Amino acid sequence: INLLRAPKPEGKGYSQETVNKIINVLCNIFNFCKDTLKIIKESPMDGIKRLKVIPPDKQTWTDEQQAVFLSSDVVRKSHIYPMLCISILGIRPGEVCGLAEADFRPADGLLTMHRGYDKYNVLTEMKNPQSHRPISLYPPITAAIIRHLEWKEAFRRLDPDFADNDFLFVSVNGRPINPDVYGKAFKKLLAKYNKEAGEPLPVISVYDLRHSFATINLLGLKKPINAVASVMGNSPKTLMTRYAHVLQKDRDDVTDDYSAKIFRAKAE
């Protein structure tokens, strides 16, 4: 456990949540050996405490900041612009990279999420059952994806071997784009934008667009947790755990407003 929780390079540097899951698995194994198989008298996990989980500070953009960024010429001309249009909807970078052409239904304005693509250039299963979901697309996003497909088709007419794969988004060389490459491209694009912008934006990662989506919908727009979780491919329980700091203000408002009503009524 100490090795797992220790920061690199001395240890593995896993998150508190991951270490706690490993502790749970080991507890189950040793308790089974002790209580059911009766091959040990005591569990070596006795006394091992789970780590305190501290939600990390998540860097986010406001909706205004995202609007300014996506409307700028330098961003709209970028090759990853249509991918960013999907990322602002709270989609995981690996899911954006793993999208297939068949997942795009322009007539219905929908994307269907069914697979991912990792940094090792390997197609992956979705993280959980909730991750298999349809995503509704606003018309400008649909149009951006169509323009990307038209670009790809034009190159295919010149070279039949170009983009010889089923990925929705490909690089300028026709190859799939993995999350690491996507993240680095976003970082370079943001740096280029900030260099030219009158008001530079906070430096965030492409994954932080997912956090921005959750924060704005839960705190600013007051959207239902179930609906936000469904779009993001999480369970409501997971969303409430990961964004407890965002929801805390709503919980405070509930108790404060209710208390004010009660004590106001008494005073009257």
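1. Start at H132. This residue is placed in the loop between β4 (123–124) and β5 (133–136). Strands here are DSSP runs of E, at least two residues long, and helices are runs of H or I, at least four residues long, both numbered from the N terminus. The model is predicted: local features need pLDDT of at least 70, side-chain atom pairs count only at pLDDT 80 or more, and totals for chains, interfaces and linings use all residues. Residues are numbered from 1 along each chain as its sequence is written, and side-chain values use heavy atoms, leaving out hydrogens and water.

2. What surrounds H132? Apart from neighbours within four places in sequence, H132 is in contact (heavy atoms within 4.5 Å) with M113, H114 and M126. H132 and M113 are 19 residues apart in sequence, yet their C-alpha atoms are 5.3 Å apart in space. With a relative accessible area of 45%, H132 is partly exposed. The scale runs as follows: buried is under 20% relative accessible area, exposed is over 50%, and partly exposed is in between (1.4 Å probe, protein chains only).

3. Now the aromatic rings. The structure holds eight aromatic pairs. Rings of Phe, Tyr and Trp (its six-membered ring) pair if their centres lie within 6.5 Å; planes under 30 degrees apart are stacked, over 60 edge-to-face, and the rest tilted. F69 and Y193 form an edge-to-face pair, 5.3 Å centre to centre, with 75 degrees between the planes. This pair links distant parts of the chain: F69 is in helix α3 (residues 63–71) and Y193 is in helix α8 (residues 179–196), 124 residues apart. Both F69 and Y193 are buried. They also belong to one aromatic cluster with W61 and F186.

4. A second pair is tilted: W151 and F155, 5.3 Å centre to centre, with 55 degrees between the planes. Both lie in helix α7 (residues 139–158), four residues apart, about one turn of the helix. W151 is partly exposed at 24% relative accessibility. F155 is partly exposed at 35%.

5. Which helices pack at about 165 degrees? They are α9 (residues 208–220) and α10 (residues 225–232), with axes 10 Å apart. Axes are lines fitted to C-alpha atoms over the stretch in contact, and angles run from 0 to 180 degrees between N-to-C directions. The two helices are therefore roughly antiparallel, a term for angles over 145 degrees. The contact is made by R210, F213, A214, N217 and L218 of α9 and I225, V228, V231 and M232 of α10.

Methods: Parallel < 35°, antiparallel > 145°, perpendicular 65-115°, else oblique.
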